[in-house]
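This briefing covers charged and aromatic side-chain contacts. Please read it beside the sequence and the model.

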Amino acid sequence: MAQKNQLSFVLTSISRIQTLYLLLSIVALALSAVFPIAKFYGDFSYILKIFTFKSMSDMIPDPEKFIFNLPIVIIWAAIIIMNLITIFLFNKRRTQMNLLSISIGLVLAMIALIFFYYSPNIEKHYNVVTEYNKCAGIYMPLISFVCMILAYRNIRKDDKLVKSLDRIR
């Protein structure tokens, strides 16, 4: 009996479209850790990922540790954890919307951190030029952002539907 309830719980949460959007968001964020976010070209070439900033060649010594990726890693992990929690709170739509709003804000903060803090500081410190267009990792937070917006819209639509049904009763 308990196993049937657990299976029902999982199937109910997965059958909703916002759950699929949230799962896509989590996958996109996970992929952003694998792919490079930006490449920097100059006298030496460097690559920025979520967890690392390193030279692209084994011949070039690794850069000084002036770039500290901890803020971006914390934001990245917080977004993934909040999206996972949001999936399993499918009965509490208000809490889902609040957590998703915070996650959306964190994704925007992560994107702003990359574009307005990390890239300009690396460019200035290492005298290099940034290139984003060949880096799949920079698009993943944007895909995650769009998926979270779509999930939020569907959660809000569910909330309105339930409220209208409560009024009819």
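This is a predicted model: local features need pLDDT of at least 70, side-chain atom pairs count only at pLDDT 80 or more; totals for chains, interfaces and linings use all residues.

Residues are numbered from 1 along each chain as its sequence is written, and side-chain values use heavy atoms, with hydrogens and water left out.

Salt bridges

- The whole structure holds three salt bridges (a side-chain nitrogen of Lys or Arg within 4 Å of a carboxyl oxygen of Asp or Glu).
- Asp-158 pairs with Arg-16, with the closest N and O atoms 3.2 Å apart; this joins helix α5 to the loop between α1 (2–14) and α2 (17–34), 142 residues apart. Helices (H or I, at least four residues) and strands (E, at least two) are DSSP runs, numbered from the N terminus.
- Arg-16 is buried at 13% relative accessibility (buried means under 20% relative accessible area, exposed over 50%, partly exposed in between; 1.4 Å probe, protein chains only).
- Arg-93, Asp-159 and Lys-163 form a network of salt bridges, with N to O distances of 3.4 Å for Arg-93 and Asp-159 and 3.6 Å for Lys-163 and Asp-159.
- Asp-159 is buried at 8%, whereas Lys-163 is partly exposed at 44%.

Aromatic pair

- Phe-51 and Trp-76 have ring centres 5.1 Å apart and planes at 80°, so the pair is edge-to-face (ring centres of Phe, Tyr and Trp, its six-membered ring, within 6.5 Å; planes under 30 degrees apart count as stacked, over 60 as edge-to-face and the rest as tilted).
- Trp-76 is buried at 13% relative accessible area, and Phe-51 is partly exposed at 45%.
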